[in-house]
Amino acid sequence: MNATWRKNMQIKFDYNNMMKEFVGDDGFSDGDIAEGKKIAAEAYAKVAENRGKGMMGWTELPYNQKEIVADILATAKEIKKKFDNFVVLGIGGSALGPTAVFQALCHLRHNELPKSKRKYPKLYVEDNVDPERMSALLDVLDLNKTMFNVVTKSGATSETMAQYLIIMNLLKNKFGDKANEHMIATTSAQKGNLIKIAKSEGLKTFYIPDGVGGRFSELCPVGLLPAAVVGIDIKNLLAGAAYMDKICMNKDMKKNPALLAALLQYLAMKKGKNISVMMPYADSLRYMADWYCQLWAESLGKATDKNGNSVYAGQTPVKALGVTDQHSQVQLYREGPFDKVITIIGVEKFRSNVTISNGCEEFPDVSFLCGHTMNELINSERVATEYALTTAGRLNHTIIMPEVNAFTVGELLYLFEMQTAFCGEMLGIDTYNQPGVEGGKNATYALFGKKGYEATKREMEEAPKKKEQYII
Ligand code: PA5
């Protein structure tokens, strides 16, 4: 892909409708943005200083995985030869990225296509411990033709390890000492139980680098292996991320969409905009909204800042899908509380063109659609929603993707990661920890009697008991 192609594939950030002159009083002036320059510059400096270090190892993923990518591609080739199904067992950052990228870059009915058209294995991402879901999955899988990929950075997450135990038991019952030929582990090289289990079982293993947290892990083997298995061009995915990285290292905020978007969200939060709606106008990007929701919520939702002061920071992310949610959510976005920033993602060129057929000529209220395309309709509805929100004084901005392909999806993932990193610095919080998630994990361990969690168990037992009178 040459430089011109890459330039044509550059994602654009349109923030017109965040500005006072379009959206009215709730918006920002050029002066407000200029005033935010210092905050943005400080956040930029911290990100630039820390990139590649500590928990910012994710900034290096577009550059430092040559051998890993080769291993992943070779492994994916073997999987394609031997298996019809690839099942990811993971949760949170280990599941949302693979799901989002699969939806974005594979045929939208990939798993339903006949093998001759699909060409690559089916992909299932199992991120819950609902017993009905597990039973249903096992009803449709032929274990002979299935490769599993257990993914957990900590190697300890109850949900993922429960799934592993169930599946490994089935595999051992069926394949005996060849069970390990149906399971790949993706985990930390040093920490946790999964690495020890993987070694003792002789599992093929990929590693999650120490400095890459769950929600920042899509561009390491967590996401790259499932993507390669279903035929996604992972080199181009990483190339897109590298391209966006260069853009996001621009000091000039007006040339750096991640920094500017972070500043606008930060300023909006200061005005009480506590909700961030992510609304792609493309089915291919619908799960990108889920991935963003985790990234934004878990990174920025923090009780304290880095100095231990209570800040209760964050913006509640909400996913929506254009045009579908115009008929369910947009009423609220336009007329409800002034507490949201709406991020719209538009796609200029879809991978299919569908013309709306002629007919109903005697009904002009229907026939006005004839001869147009669905492509025109979805994009016109996007523009119409932007207009409706803006005229109602609602802060919104649009990310424009020229196309949805591996390169632009790499750009998009990286753009949101950088925006999150910048915004975390502006808020002064630790973007990379998740004490709130750990709280729930620990309580589960205690309830299940895990060794080392006796104190939590006692605390939970001593907590006020629920009263029957409040259950009706
Ligand atoms: O972003 C995170 O760190 C979390 O959402 C994790 O991805 C999630 O809790 C799963 O953790 P693990 O990969 O350790 O199983």
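Around the ligand sit 14 residues, and T152, K153, S154, T157 and Q294 come nearest; a residue counts as near if one of its heavy atoms lies within 4 Å. By kind, that shell has nine polar residues, four charged and one nonpolar (Ala, Val, Leu, Ile, Met, Phe, Trp, Tyr, Cys and Pro count as nonpolar, Asp, Glu, Lys and Arg as charged, and the others, Gly among them, as polar).

A word on the source: this is a predicted model, where local features need pLDDT of at least 70 and side-chain atom pairs count only at pLDDT 80 or more, while totals for chains, interfaces and linings use all residues. Residues are numbered from 1 along each chain as its sequence is written, and side-chain values use heavy atoms, with hydrogens and water left out.

Now look at the polar contacts, meaning pairs of N or O atoms within 3.5 Å. A polar side-chain atom of T157 is 2.5 Å from a ligand oxygen. For the side chain of T152, the distance from an N or O atom to an oxygen of the ligand is 2.7 Å, and for S94 it is 3.3 Å. The protein covers 92% of the 380 Å² of accessible area that the ligand has on its own (Shrake-Rupley method, 1.4 Å probe).

What about disulfides? The count is zero, going by cysteine sulfur atoms within 2.5 Å. For C360, the nearest cysteine sulfur belongs to C370, 6.8 Å away. C423 has its nearest one in C248, at 14 Å. C423 is buried at 0% relative accessibility, while C360 is partly exposed at 39% (buried is under 20%, exposed over 50%, partly exposed in between, with a 1.4 Å probe and protein chains only).

Methods. A polar contact is a pair of N or O atoms within 3.5 Å; within protein, one must be able to donate a hydrogen and the other to accept it, and residues adjacent in sequence count only if both atoms are side-chain atoms.
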